[in-house]
Amino acid sequence: MSASQAETPAIALINAAISRGNRLVLRDFSLEAQSGDIIWVRGANGSGKSTLFRALAGLLPPAAGRLQINGSIA
């Protein structure tokens, strides 16, 4: 792995707001993950877990903030 790959996250969601329908689900949310990281997403029903994954997959654009994906994700 090169030095630039080690410094740049594979996935970064920076100060994001994500809406689903007319409902603001996530606000001021940030996440950075490198290739090979394991992230545990936990929360009650309706707390935004699936919405977060939809945004990370590119299926739901952030209403605010920035989504950066380096390379491909499964």
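Analyst: Buried means under 20% relative accessible area, exposed over 50% and partly exposed in between, with a 1.4 Å probe and protein chains only. This is a predicted model, in which local features need pLDDT of at least 70 and side-chain atom pairs count only at pLDDT 80 or more, while totals for chains, interfaces and linings use all residues. Residues are numbered from 1 along each chain as its sequence is written, and side-chain values use heavy atoms, leaving out hydrogens and water.

User: Why is T51 called buried?

Analyst: T51 has a relative accessible area of 6%, and the limit is under 20%, so T51 counts as buried. T51 belongs to helix α2 and, leaving aside residues up to four places away in sequence, touches I18, R20, V25 and L60, where contact means heavy atoms within 4.5 Å.

User: What makes β1 and β2 paired strands?

Analyst: Strands are DSSP runs of E with at least two residues, and helices are runs of H or I with at least four, numbered from the N terminus. Two strands pair if DSSP finds at least two bridges between them; β1 (residues 11-20) and β2 are joined by 7 bridges and run antiparallel, so they meet that definition.

User: Why are β2 and β3 described as standing at the edges?

Analyst: The open sheet has 3 strands in the order β2-β1-β3, paired antiparallel. β2 (23-33) and β3 (64-69) each have a single partner strand, so one side of each lacks a neighbour in the sheet.
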